[in-house]
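Subject: Structure for your review

Dear colleague,

Please find below the structure that I am handing over to you.

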Amino acid sequence: MSDNPVDMRDGATIGAKELLARAAAAETRAQAGLRVAIRDFFLSEDGRLDERTRAALAALLRQLVESVEAEIREHGVRLLTGRGENALAATLAASGLSATDRLARAGLLRDPALMTELIARVRQEALGVALPMQAADDPERPSLINRFVQHPDRLLASSAMAVLIAESRRRGGPDAGQFTQAELPAELHHRLVWWVAAALRERSLAAGDSLPLLDSALSEAAQRSLAAYDEGDRLEAAALRFAAAIDARPHELADLLVESLGDQRIVVFIALLAHALGLSYETARELVLDPAADRLWLALRSLDLPREPIAQIGYALCEADPHRDLESFADTLDAAMTVDAAEARAALEPVRLHPDYRAAMLALRRSERLE
Amino acid sequence: MFDPVLPVAVGRLDARGRLIEAEARLLELNERAGGNVGAPLAVPQIATIARLAQRLGIAISRNVIAADGEEDLDLWVRAQPEEGAVRIEVSGWRPRPAWQPPAAEPGRDGDFLRSAADWMWETDASLRITFLSIEAGARCGFDSSAMLGQPLTRLLSLAQDEQGNLPILTAVAAQARFDGQKAEIRGTGRMVRLEATPRTDAAGRFAGFVGAAHMLDPPAHPPAIEVPLPLPEAPFGGFPDSFSQRLDRALRGPLGRIIANADSISAQSEGPLKPDYAGYAADIANAGRHLLGLVDDLVDLQAIERPDFATVPEAIDLADVARRAAGLLAVRAAQSNVRIDKPALDEQLPVTGEFRRALQVLVNLIGNAVRYSPPGGMVWIRLERDGAMGCVIIADQGKGIATEDQERIFEKFGRVDPDEQGGSGLGLYIARLLARAMGGDLLVDSAPGMGARFVFMLPCRD
């Protein structure tokens, strides 16, 4: 965005040598750029990220890595200072190449499990904020979770409160970014912490002889960060505990599902569904986020939900997600209502299998197609 | 944002979408669109909702914009299936300007509030808290997590304004944005100023607030940070002051380019173009200019709202400043076919104030007067002495300002007509702050239909 295109590196414009070198490299770079453009053009439109999702994903990824990085670096600096290694601490504290860029360049961030989680998070949030709000007919009536906060049953009240706290924490304050937690499942968080520690080490390689000191400080800082992390604090985990505490009867479930969408509480909606279906949060989220929501309609039918709440849920999701088509939902709705609960349960069996087992079966099927 | 009492027109369609009956307003809209009783509903947006409600078998509410002759109408439509028919309720009925400032989306309002707030909050329609910046409690002496789900009044003790009203309750009734609700954080003795924008559901009902809180007093003990070494650079944020600078840098350049390009498309300087595209480009340029004005105002606001903001006391001639301001607006006035009657060259009114700021206030006032004047109208600028104050009076022949709106126009983002085009809602707020910072004031007196009269006063210099 700069109006001044001259690159002022350290106050000096680039020298003739560098210009010549750059010109020599230009052809290769132009070719490489063209290859990327061609590949980009022929990518299938199905499943491609739209610009909003792409931007949100980039921001989430950066924020995630940076918050882990800040934590490890801060603690590492403190450890080194405590041990009298002030010079080394300063090296570690100095900002350099961003860890996000380094990890992306190394291809580590292409980790399918990490990207699956992050893409789902971004889509879930986009869907949540776009849901049409639905105010109660009685303006004095508190919204869904707020009613449970007042509930005489302490377990219900405290689990509802935990959802509000987790959501407020995730959304952060006016200067959001610095305080929000990484909020990844433990396994992914574990992986990310060590990646970041390694990237920080690489950046401080100039330390030379004192590398062993740096290594011990970084690994201690990483371990501290791992020990302090509790995946049970995640919003998704809190919502699942809330859903389990409500343990909705079949006749209550429909209203809860519809109302949670009307309050834009997509995470609570998914958790209620996961609990009712006996699925993991991730699997239920997959059903909800899939724009071709056939599995979701079957899932709702397997819970024996009547037509009206299914129509309300489908309508809300179609309004919130430009990839869904209301007309084709209306067509599907009549078909879905002809499926009885037992049939729907049978059709959903594959979804209930262990996720790793499902992934392995899919991988085999894919490899067969490639042969 | 709209009338609290919406005129509702009810109608019924049969299973095939044909109009069975409708109340006058809806019937007329349908007839103007070429429809009739017994024929399919001729307003496509409403027909779509009715058909969806019938196919899905549920009530559906939506906000739609329907063309009515030259005008666009902003409508709230609710369709409810009933045995073999669909009942439709249409309310709202507000004409919509061709282009609106892009501030209607609650998400964007949230970003805007966030930019200056100490902490953020949200409530549901019953004013129970649904979201609180979690670290706010630690900073301000309350337990954020215990307040979630509680009525807002449990966290805050709301204070009445000078008229004895609670701005937040007035805002609930009107479903409007509010600013300047003062409150004490219970049990801490600390005061905050609240502002918020309402959320509206698909049926146009109030669904809660998205709000910001500004601390009115500095914390007694700044939180001690024990840092052995300079900490790594924070990845986000920065100093509050740098916000306006970044905003300025980040937006002014790109906006300038958008405006310039849109203007040249609209002028068809690169070759002929379909007229509607040229029209769109003109809309883009206007929207860009609106945003640029907003950036200017925000940058200004950031400086003026600082507690240590001060003006330079200069010896100025208010008559001279008024003549210069009128001169600056002469072209715009001529374009709108409005005449400005400015003080004669021999008039003088020596006062104390900062020249640049006094000029800014007068340009704002005269600019408004020109904007609200009918074509062929006149804007008068008169000078007067009132005790120790030198006054400039700017009067126009516009539609005037109702008594109940006269304070609102000086509020931050305060507007009498929220649908009105242009302006950021900050101009008069800034102007009054400036006038008061110079030891003067800015007042209005006006009655609807009588034009508006603004009085800008500064202390006389004898």
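The notes below go through the two chains in turn.

Please bear in mind throughout that this is a predicted model.

Chain A

Chain A has 18 helices and zero strands. It comprises 371 residues, of which 37% count as buried. If one takes the contacts in chain A between residues at least 6 apart in sequence, 70% of them join residues at least 24 apart.

One helix pair of chain A may be of interest to you. Helix H8 of chain A covers residues 186-203 and helix H9 of chain A covers residues 211-228; their axes come within 10 Å and cross at roughly 155°. Angles over 145 degrees count as roughly antiparallel, and H8(A) and H9(A) are therefore roughly antiparallel to each other. Their crossing is right-handed. On the H8(A) side, the residues that meet H9(A) include His190(A), Val193(A), Trp194(A) and Arg201(A). Among their counterparts in H9(A) are Leu214(A), Asp215(A), Leu218(A) and Leu226(A).

Chain B: overall content

Chain B contains 13 helices and 18 strands. Of its 462 residues, 35% are buried. For chain B, 58% of the contacts between residues at least 6 apart in sequence join residues at least 24 apart.

Chain B: helix H1 and its surroundings

Helix H1 of chain B spans residues 24-32, and its buried residues are Leu26(B), Leu29(B) and Asn30(B). Viewed down the axis of H1(B), these buried residues fall within an arc of 95°, so they line one face of the helix. The cover over them includes strands S1 (9-14), S2 (19-22), S3 (60-68) and S5 (85-96) of chain B. Just after H1(B) comes Gly34(B), which takes a positive phi of about 95°.

Strand S3(B) also takes part in a hairpin with S4(B), and two residues lie between the strands. Nine bridges join S3(B) to S4(B) (residues 71-82), and the two strands run antiparallel. One of the pairs is Asp68(B) with Glu71(B), the latter in S4(B). In the turn, Gly69(B) has a positive phi of about 60°.

Chain B: a six-stranded sheet

Further along chain B there is an open sheet of six strands in the order S7-S6-S11-S10-S9-S8, with antiparallel pairing. Its edge strands are S7 (129-132) and S8 (156-158) of chain B, each of which pairs on one side only. The twist averages 35° from one strand to the next.

Within this sheet, strand S6(B) (residues 119-123) is joined to S11(B) (residues 206-215) by four bridges and to S7(B) by three. Glu122(B) has a bridge partner in each neighbour: Val210(B) in S11(B) and Phe131(B) in S7(B). S6(B) and S7(B) form a hairpin with five residues between them, and Leu127(B) in the turn has a positive phi of about 60°.

Helix H7 of chain B (residues 167-174) lies across S8, S9 (178-185), S10 (190-200) and S11 of chain B. H7(B) runs at about 135° to S9(B).

With kind regards

Technical notes. Residues are numbered from 1 along each chain as its sequence is written. Chains are lettered from A and ligands numbered from 1 in the order in which they are written. This is a predicted model: local features need pLDDT of at least 70, side-chain atom pairs count only at pLDDT 80 or more; totals for chains, interfaces and linings use all residues. Two strands pair if DSSP finds at least two bridges between them. Axes are lines fitted to C-alpha atoms, for helices over the stretch in contact, and angles run from 0 to 180 degrees between N-to-C directions. Two residues are in contact if their C-beta atoms, placed from the backbone, lie within 7 Å. A residue is buried if 20 or more other C-beta atoms lie within 10 Å of its own, exposed if 12 or fewer, and partly exposed in between; C-beta atoms are placed from the backbone. The arc is that of the directions from the helix axis to the C-beta atoms. Angles under 35 degrees count as roughly parallel, over 145 as roughly antiparallel, 65 to 115 as roughly perpendicular and the rest as oblique. A crossing is left-handed if the near helix is turned anticlockwise from the far one by less than a right angle, and right-handed if clockwise.
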